[in-house]
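Work through the exercises below with the model open beside you. Try each task before reading its solution.

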Amino acid sequence: MMTLRSSRVAALLLLSAHLLHASALPAASSYEFTAYRMQQYNLQQDKRGCRGAIVVAEARSADDTTLTRRCVIMKLPDFTAERYLEAKRQNAAAVLILLPQNISTVPEDVIQGFMVSESEALKKETLMPVYVVHEDEQLLCMYAEVKLAAATKSASILVRVLRSMVTATAFQILVSNNSPIKAITDNSIITLEGVLPGVGEDPPTIVITAHYDSFGLAPWLAYGADSNGSGVTVLLELARLFQRLYSDPRNKAPYHLLFSLTGGGKYNFLGTKRWLEENMDHAESSLLHDSVAFVLCLDTLGSGDELFLHVSRPPKPGTPQYGFIQQLEEMISSRFPWVRFGTVHKKINLQESTVAWEHERYGMKHIPGFTLSHLEDPRSECRGSILDTMSQVDIRKLKRNTVIIAESLARYMYNLSDKGSPKEIQVFKGSLDILDSRLSALMNMLTTVPRATQLMDKEPQQTLLINSLEQEFKRYLQQVHRHAFRQDRKDPDVTFFDQMKQPMMMYRVKPAAFDLFLGGCIAGYLGVVYYAIQNFGSLYTKLKATVKSKQQ
């Protein structure tokens with residue numbers, strides 16, 4: 001009987017050792033990586049984003065039923081508005097989102113679903129820390145194991161207890177920063193402007209503008225390819241094309257062209273607001289004091305087969321706005337009939353604290369303007385996401401939209417309607433052709449570094465990008481100026497907060513139940529050995545008798 005019991009104990013030990021070996025994933029016992037905190041800002045009195053930064057919690061899958069005081073690990077498909085709100089409801093310690101290294105491999109439906117959830121999360125304030133990290137082998141191993149742990153909770157109680165005691169691995173997530181989160185009070189918003197002077201005495205001015213900054217869940221991961229790297233790219237190419245035209249005095253149009261790149265576009269277009277205040281209220285020599293034909297704002301033009309012209313009030317026949325819209329319609333119907341074009345009318349509500357499009361800032365100063373975009377809804381989640389990378393931009397469609405805008409502008413400025421149709425007269429061809437290589441180079445320049453507003457005047461790479469944009473202006477435009485607008489420290493329009501990038505630690509540990517189980521196994525093993533030594537004679541006699549009986 002004792003021999004049978006000893007055999008059972010030995011078998012259990014072998015099974016335990018096998019389970020321990022089978023459960024081991026190649027995750028390090030400790031691993032440090034960089035995590036990017038969900039942005040935190042106050043837009044006037046409206047508090048948004050993540051207020052927490054410190055994390056000391058065990059990692060759990062989003063599939064787990066118990067998330068209280070746990071760090072919830074999610075991949076892109078896991079991060080839904082429902083699961084995010086459930087983590088908040090259960091008072092989870094934190095949410096950690098794993099971001100693929102290559103966004104272009106992510107299915108479009110997953111991207112759109114994440115963008116919607118990201119937009120919803122950014123609308124409100126949360127005390128729960130939210131971090132985003134790039135996937136790697138160690139983090140994927142952790143994700144797989146916590147996912148497996150959550151799946152086994154549906155098994156029988158015996159299986160769960162055995163696995164918990166023998167194979168379970170706990171991952172501790174740690175962000176320890178003794179410094180409190182501080183407000184950034186010395187931000188400056190940079191705006192660039194440059195001019196192509198027209199011919200004649202006091203000609204009217206056409207303003208072409210785009211905001212260059214980006215927005216997303218984590219500032220350090222917001223590259224803003226379509227919104228609004230595409231708008232900036234179109235503006236820079238228009239500056240090059242019309243500079244080539246204006247370089248010959250015989251080809252100058254009776255219009256000044258004023259180009260501007262503004263910051264703070266994702267925060268109520270603060271750069272545009274401050275630039276207008278300076279030009280309208282203080283700069284007597286500004287072209288905005290003269291006759292402005294219209295303001296063309298470029299926003300999100302790198303994708304889609306639709307173009308929408310957003311206006312605050314429908315333009316009246318005979319106005320410059322109306323004439324330019326006619327040229328757009330004629331150009332699209334003649335050369336690009338598959339592109340759907342429409343005008344979207346939205347009145348400016350002075351009671352609202354935010355504006356939807358950049359042209360509304362001009363409208364408040366009684367300057368006529370509109371915004372051209374492939375988005376119909378200003379609240380689209382595509383206007384601010386960490387997944388807005390180069391994979392969201394189609395260079396062919398970006399070039400097509402550049403052609404539409406450039407040709408329509410030229411036809412309006414040079415009054416070419418009476419001289420032939422858009423198919424018969426093409427201004428930008430041959431040596432004036434729009435180059436795919438230049439559009440790609442500009443987009444790559446803009447998307448190599450994150451362009452979140454709170455980074456643009458602080459970090460070396462972002463400063464270098466602003467300098468590069470300024471050099472592009474100086475190459476093609478005249479009277480180039482750089483404006484740096486600092487906020488009122490006592491009453492800022494927007495307040496940002498630090499600790500946007502943190503070192504995070506992952507520790508692989510075994511639960512206390514495992515130590516108890518392992519101690520029991522060792523004690524059992526020692527008991528078997530002790531019994532064998534104490535009863536060696538009788539065991540040897542029984543074994544010898546058993547062998548003889550088998551031989552006979």
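## Exercise 1: A strand and its sheet

Strand β2 is covered on both faces: Gln40 and Asn42 are buried on one side, Tyr41 and Leu43 on the other. Buried means under 20% relative accessible area, exposed over 50%, and partly exposed in between, with a 1.4 Å probe and protein chains only. Helices (H or I, at least four residues) and strands (E, at least two) are DSSP runs, numbered from the N terminus. This is a predicted model: local features need pLDDT of at least 70, side-chain atom pairs count only at pLDDT 80 or more, and totals for chains, interfaces and linings use all residues. Residues are numbered from 1 along each chain as its sequence is written, and side-chain values use heavy atoms, with hydrogens and water left out.

**Solution.** 

Step 1. Recall how sheets hold together. Strands of a sheet pair through backbone hydrogen bonds, either parallel or antiparallel. Two strands pair if DSSP finds at least two bridges between them.

Step 2. Go from β2 to β3. The two strands run antiparallel and are joined by 4 bridges. Gln40 has Gly49 in β3 as its bridge partner. The pair forms a hairpin with 2 residues between the strands. Gln44, in the turn, has a positive phi of about 60 degrees.

Step 3. Go from β2 to β19 (residues 494–497). This pairing is antiparallel too, over 3 bridges.

Step 4. β3 and β7 run parallel, with 2 bridges. Gly49 has Glu125 in β7 as its bridge partner.

Step 5. Write the order. The sheet is open, has 5 strands and reads β7-β3-β2-β19-β10, with mixed pairing. Its edge strands are β7 (125–126) and β10 (183–184), each pairing on one side only.

## Exercise 2: A parallel pair

**Solution.** 

Step 1. Find the pairing. β15 (residues 306–311) and β16 (residues 340–345) are parallel, over 6 bridges. Within it, Leu309 has Thr343 in β16 as its bridge partner.

Step 2. β15, α8 and β16 make a right-handed β-α-β unit. A crossover is right-handed if, with the strands pointing away from the viewer, the path from the first strand over the helix to the second runs clockwise.

## Exercise 3: Pockets and a cavity

**Solution.** 

Step 1. On a 1 Å grid over the protein atoms alone, a cavity is a set of points where a 1.4 Å probe fits but cannot get out; a pocket is an open set with protein on both sides within 12 Å along at least five of seven lines; lining residues have an atom within 4 Å of a point. Grid points are joined across faces, edges and corners, and a volume is the space filled by probe spheres set on the points.

Step 2. Take the largest pocket. Its volume is about 800 Å³. Of its 24 lining residues, Arg48, Lys266, Pro378, Arg379 and Arg383 are the closest to its centre. β2 (40–43) and α3 (108–122) are the elements that give two or more residues to this lining. The lining has 9 nonpolar, 6 polar and 9 charged residues. Here Ala, Val, Leu, Ile, Met, Phe, Trp, Tyr, Cys and Pro count as nonpolar, Asp, Glu, Lys and Arg as charged, and the others, Gly among them, as polar.

Step 3. Take the second largest pocket. Its volume is about 520 Å³. Of its 21 lining residues, Ser312, Arg313, Gly363, Ile367 and Pro368 are the closest to its centre. β14 (292–298), α8 (320–335) and α9 (359–363) each supply at least two lining residues. The lining divides into 10 nonpolar, 8 polar and 3 charged.

Step 4. Look for cavities. The whole structure has 1 cavity of 30 Å³ or more. The largest cavity has a volume of about 40 Å³. Ile189, Leu270, Arg274, Phe485, Gln487 and Asp493 line it.
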